[in-house]
Amino acid sequence: MTDWNAVVDRITGFIRKIVGDANADGVVVGLSGGVDSSTTAFLCVKALGKDKVLGIIMPERGVTREEDIEDALKVCEILGIDYKFVEINPMVEVFLNELGEGNKIAVANLKPRIRMIINYYFANNMNRLVAGTGNKSELMTGYFCYDEKTRVLTTEGLKSYHELKPGDIVFSLNMRTGKVEEVPVKAVYTFDYKGEMIHIRGKMTDLLVTPNHRMLVLNRCGKLIFAQAEEFLNRNFSLPIPNPWDGHHDLESIDVSEFFDQSSLYHNASSLPENMPIEPFLYLMGLYIGDGICSTYEVRTFRKTEMSREEFMKKRDERGRFISSGDERIPVKYKAHVVYFAIPKHDKARESLINTLEELDIRYRAYRHFVRVNSRALYEIFRQYGSKAEEKRIPRWVLKLPSRRLIWLYKGLMDSDGWDYQNYQTISHRLALDIVELCAKLGMHATISVRGARETVYKGKVIRSRPSYVVTIAKNIRTTSIYPSSVSKVYYRGVVWCPDVPPHHNLLVERNGRFTFCGNTKYGDGGVDFLPIGDLYKTEVFELAKFLGVPERIINKAPSAGLWIGQTDEGELGITYAKLDTILKALEKGMKPEEIPKKFDVSEDEVRRVVELVEKSKHKREMPPIVIVRDLIDS
């Protein structure tokens, strides 16, 4: 038996958390007089109290049943909540006058969109959230998400669905310009899912998404648009490569004082020019990230006095000359700060390194196998980007520069650990991801593959290398093509998820080292902020409504969305909710469609009808966060 107390406790806890996390002052609930909205209102009052719940009754006179209006008012009376009464007829008329008469479905679907606008008007005006009233029976046909192996590239690295959180900065393509923008995640939605997924594979692409997932593609005119994933089974599509980005800020030169105060150096220490031109500096940074290391060592020497520098500077005769303290030799130790470039004499980058150091007026010593720069200032600047190979990374302030600057960093990286300007190898996973971001901002596409550890024997000694990451870069292409032969349907059972990333509703995702700009869930009607009963089938909502004390008349009447006179949900579905939920639960448990009629009191035609509803539904609704209570339900 289902423990409905436990179900209510979990849902009300979920409501409190969602509202608290959003710093909202409460919720609004659209009340239709039906069992779903009534049950949702009861749960919200139980979670937040009556003062934080506003009911909104939005009938269409002449279409909405009088008993539904009466029942919605009755719920407000029972719960003691405030309500707003807004007839939608004038708004429907304005839309139809402006747009022209549409067909029955178009006009019917216009009405819930108007109700959504009204809900959000009051919610935004009162700093509240919109509590959705959808149930699992409705939502089973509306998933459009990624599989759990898909990750998102953020400014903090790759994140899985359980790591990504609102506020994380991700990379999104501007639909108008095709350029990368850094934008925050608004929300992350996750669901349990069983059913068919679309697997899209290519040399630079690997995605596993629900059939109605929105794919970001280029049309024949080169405009960015969305297409549904299942369309890839029958048509060729071109996925976009970003245009070079404009950056968040620009610099003509590097001000060394922002990194290190050179006035603290000893009077004869090597210093850097206070301002160095940005482009050769970025090139030098690229060489350092690939082949450089920061190090210190102890220097032992002698001096002729025990006086401090300040004391010595004051020790002068009447003519202003320094007074010697004699021939006494006092041993001293100090730490030397060095930047090494492991670029041997005959390496392709050696000449470029020397020329860059001289252009920047940085003193150096060149040896057969490396170049050494004794500079505390350069040491302090470069060590922030990693001293050891596995720690290397590109600083965020650099990655915010425009592409015309970033190309110099790219050249330095490629002249160090790259080859053919199309591949780069590193043992730093963080650096590999930074290079993917760098390439996206330069208008290139990059993928990452892993090379396992290797063993070699040298003079009887076993030498083991560490795993490394190879970034492969496609420089001179503007699209990547996907053909139906690379697309297949696969059965999937597990978590599906999708983030809400306004304003462009796409982001850079990764699967198996392949990166793709792809669509996200926030689209179209996007009617609510969260769904308290989203993990309950319709028949389970009836049971919960009884448990909560929802009036029996509401529970017993035929469910209807009120789309037109005489419309009922079961009439539109062509099947009762009892049979619909039986089939949906069986499909969710992994049963094959042909097995269901043999075990349950449903026909083959009814199963076929439900499967079609699940597979062919292409409603682009926002999928709000759902509280999971499946483990508490006796099914």
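**Figure 1. Helix H4 (residues 89-99) supplies the largest share of a nonpolar surface patch, namely three residues.** Helices (H or I, at least four residues) and strands (E, at least two) are DSSP runs, numbered from the N terminus. The patch is formed by Met91, Phe95, Leu99 and Ile117, which together have about 370 Å² of accessible area. Patches are made of residues with over 30% relative accessible area and no salt bridge, like charges being joined within 9 Å and nonpolar side chains (Val, Leu, Ile, Met, Phe, Trp, Tyr) within 5 Å; a salt bridge is a side-chain nitrogen of Lys or Arg within 4 Å of a carboxyl oxygen of Asp or Glu. Accessible areas come from the Shrake-Rupley method with a 1.4 Å probe, and for residues only the protein chains shown count as cover. Ile117 belongs to helix H5 (residues 104-125) and is partly exposed, with a relative accessible area of 48%, where buried means under 20%, exposed over 50% and partly exposed in between (1.4 Å probe, protein chains only). The model is predicted, so that local features need pLDDT of at least 70 and side-chain atom pairs count only at pLDDT 80 or more, while totals for chains, interfaces and linings use all residues. Residues are numbered from 1 along each chain as its sequence is written, and side-chain values use heavy atoms, with hydrogens and water left out.

**Figure 2. The whole chain contains 19 helices and 30 strands.** Of its 635 residues, 51% are buried, and the chain exposes about 30,600 Å², of which carbon and sulfur atoms supply 49%. Among contacts (heavy atoms within 4.5 Å) with a separation of 6 or more, 75% are accounted for by residues 24 or more positions apart.

**Figure 3. Strand E1 (residues 27-31) is largely enclosed by the rest of the structure, because five of its five residues are buried.** Both faces of E1 are covered, with Val27, Val29 and Leu31 buried on one side and Val28 and Gly30 buried on the other. Strands E1 and E2 (residues 53-57) pair in the parallel sense over five bridges, and the bridge partner of Val29 in E2 is Gly55. Two bridges also join E1 to strand E4 (residues 129-130), again in a parallel arrangement, with Leu129 of E4 as the bridge partner of Val27; two strands pair if DSSP finds at least two bridges between them.

**Figure 4. Phe341, Phe382 and Ile394 touch the most other members of the largest nonpolar core, which has 67 residues.** A nonpolar core is a set of buried Ala, Val, Leu, Ile, Met, Phe, Trp, Tyr and Cys residues joined through side-chain atoms within 4.5 Å. Not counting residues up to four places away in sequence, Phe382 touches Phe281, Leu284, Met285, Tyr288, Cys294, Val339 and Phe341. Apart from this core lies another, of 42 residues, among them Val29, Cys44, Phe530 and Ile555. In soluble globular proteins, nonpolar side chains tend to be buried together.

**Figure 5. Tyr492, in strand E28, is buried at 10% relative accessibility.** The C-alpha atoms of Tyr492 and Glu196 are separated by 5.9 Å, although the two residues are 296 residues apart along the chain. Beyond residues up to four places away in sequence, Tyr492 touches Asp147, Glu148, Tyr193, Lys194, Gly195, Met197 and Leu208.

Figure 6. Asp71 is found in helix H3 (residues 66-79) and, leaving aside its neighbours within four places in sequence, is in contact with Gly33, Arg553, Ile554 and Lys557. Thr480 is found in strand E27 (residues 479-482) and touches Met204, Thr205, Phe237, Ser238 and Leu239, not counting residues up to four places away in sequence.

**Figure 7. A cis peptide bond, with omega of about 5°, joins Pro502 and Pro503.** Pro503 lies in the loop between strand E28 (487-500) and strand E29 (506-511).

**Figure 8. Asn127 has a positive phi, near 55°, in a residue other than glycine.** Asn127 is found in the loop between H5 and E4 and is partly exposed, with a relative accessible area of 38%. Asp361, which is not a glycine, has a positive phi of about 60°; Asp361 is placed in the loop between helix H9 (350-359) and strand E19 (365-366) and is exposed, with a relative accessible area of 57%.
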